[in-house]
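User: I would like to go through this structure term by term. Please set each value against its definition.

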Amino acid sequence: MAGFLQQVVEGLGAGAIYASLALALVLIYRFTGIVNFAQGELAMFATYIAWQFTHAGVPFWLALVLTLAVAFAGGMLIERVVIRPVEGAPELTVVIVTVGLFILVNAAAGWIWSFLIKDFPNPFPRGALEAGGVGVAYSTLGVMGVVAAVMGLLYLLFRHTKIGLGMRAVASGPESARLVGIRVGWTLALGWGLAATVGAVSGVLVAPLLFLEPNMMGGVLIYAFAAATLGGFDSPAGAVVGGLVVGVAETLSGAYLDFVGSDLKVGVPLAIILGVLLLRPQGLFGRAAVERA
């Protein structure tokens with residue numbers, strides 16, 4: 001039983017990271033209807049900026065704050081320069097633009113910082129908290145705490161601030177929001193900036209556990225897509241729940257299913273995506289689209 005609980009705890013730690021990137025995917029989708037395939041690469045690029053700050057001697061937490069500010073500004077700039085020109089274009093055009101952004105950001109990171117693996121500082125202490133034969137690493141507790149804090153801040157933003165209410169109004173209906181005086185264009189840019197900030201948190205959490213190099217978020221993005229699909233692309237809370245479920249499912253499958261092992265664990269999120277699309281396309285917490293005749 002202790003072994004099973006240990007796997008669940010490790011899955012929750014991994015799932016929290018998937019949830020943070022899934023949350024960024026959901027935020028952009030809610031505000032713009034765009035599935036941003038470059039979200040992982042934007043998170044990776046922000047992580048390199050954090051590494052550059054720490055490499056220059058800036059304390060980690062101050063470097064994180066500066067990185068989040070840069071990520072927010074960068075997200076807004078991308079919306080204004082890259083996404084705004086194709087607003088209203090066919091969905092395939094927007095998909096191609098985000099895929100092109102994926103390639104561009106990945107190549108830019110490799111050109112600036114090289115493709116060599118770099119060490120990234122871990123802000124959490126080493127060791128683990130033992131309880132009932134189950135060890136919970138302090139890094140796992142730290143990751144889950146950060147994701148919980150991000151979710152709490154987003155809840156306060158959307159529920160108790162004027163900006164958040166405006167963003168919710170734009171997500172519900174841009175035309176109606178425009179009629180009541182909300183600047184929809186700038187609100188969409190804020191949505192991209194906010195998603196880039198949340199994605200940067202994901203990258204900073206991933207780098208100490210894996211490694212820092214331009215392709216580090218490729219696998220994480222697949223799990224994040226599975227989390228967002230499972231929870232519902234229009235539900236931030238669903239993205240978090242979906243991330244935790246995907247993380248636990250991946251860990252348990254690798255531990256107890258011999259044909260999965262460590263080599264085929266990437267098939268778990270793909271199977272989840274396929275199953276959800278076949279059985280409940282809107283996800284567990286998403287709302288089905290209804291069209292009036």
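User: How do the residues lining the largest cavity divide into nonpolar, polar and charged?

Analyst: This is a predicted model, in which local features need pLDDT of at least 70 and side-chain atom pairs count only at pLDDT 80 or more, while totals for chains, interfaces and linings use all residues. Residues are numbered from 1 along each chain as its sequence is written, and side-chain values use heavy atoms, with hydrogens and water left out. The lining has seven nonpolar residues, two polar and no charged. Ala, Val, Leu, Ile, Met, Phe, Trp, Tyr, Cys and Pro count as nonpolar; Asp, Glu, Lys and Arg as charged; the others, Gly among them, as polar.

User: What makes the largest pocket a pocket, and which residues lie nearest its centre?

Analyst: A pocket is an open set of points with protein on both sides within 12 Å along at least five of seven lines. This one holds about 1,100 Å³. Its lining has 38 residues, with Y29, R30, T32, G33 and I34 nearest the centre. Helix α1 gives the most, four residues. By class, 20 are nonpolar, nine polar and nine charged.

User: Why is the pair of E79 and R84 called a salt bridge?

Analyst: The term needs a side-chain nitrogen of Lys or Arg within 4 Å of a carboxyl oxygen of Asp or Glu. E79 and R84 meet at 2.9 Å, N to O. The value is inside the cut-off, so the pair qualifies. A search of the whole structure finds one salt bridge.

User: Are its two partners buried or exposed, and how do you know?

Analyst: Buried means under 20% relative accessible area, exposed over 50%, and partly exposed in between (1.4 Å probe, protein chains only). E79 is at 2%, so E79 is buried. R84 is at 23%, so R84 is partly exposed.

User: Why do Y48 and W113 count as stacked?

Analyst: Rings of Phe, Tyr and Trp (its six-membered ring) pair if their centres lie within 6.5 Å; planes under 30 degrees apart are stacked, over 60 edge-to-face, the rest tilted. The count comes to nine aromatic pairs. For Y48 and W113, the centres are 4.7 Å apart and the planes at 10 degrees, so the pair is stacked. Y48 lies in helix α2 (residues 39–55) and W113 in helix α4 (residues 91–113), so the pair ties together parts 65 residues apart in sequence. Y48, at 0%, is buried. W113, at 11%, is buried too.

User: How do you know that the charged end of R80 sits over the ring of W186?

Analyst: The rule asks for NZ of Lys or CZ of Arg within 6 Å of the ring centre and within 35 degrees of the ring normal. The charged end of R80 is 4.4 Å from the centre of the W186 ring and sits over that ring. K118 does likewise over W51, at 5.5 Å.

Key: Helix = DSSP H or I, 4+ residues; strand = E, 2+ residues; numbered from the N terminus. 1 Å grid on protein atoms, 1.4 Å probe; cavity = no way out; pocket = protein on both sides within 12 Å on 5 of 7 lines; lining within 4 Å. Points joined across faces, edges and corners; volume = space filled by probe spheres on them.
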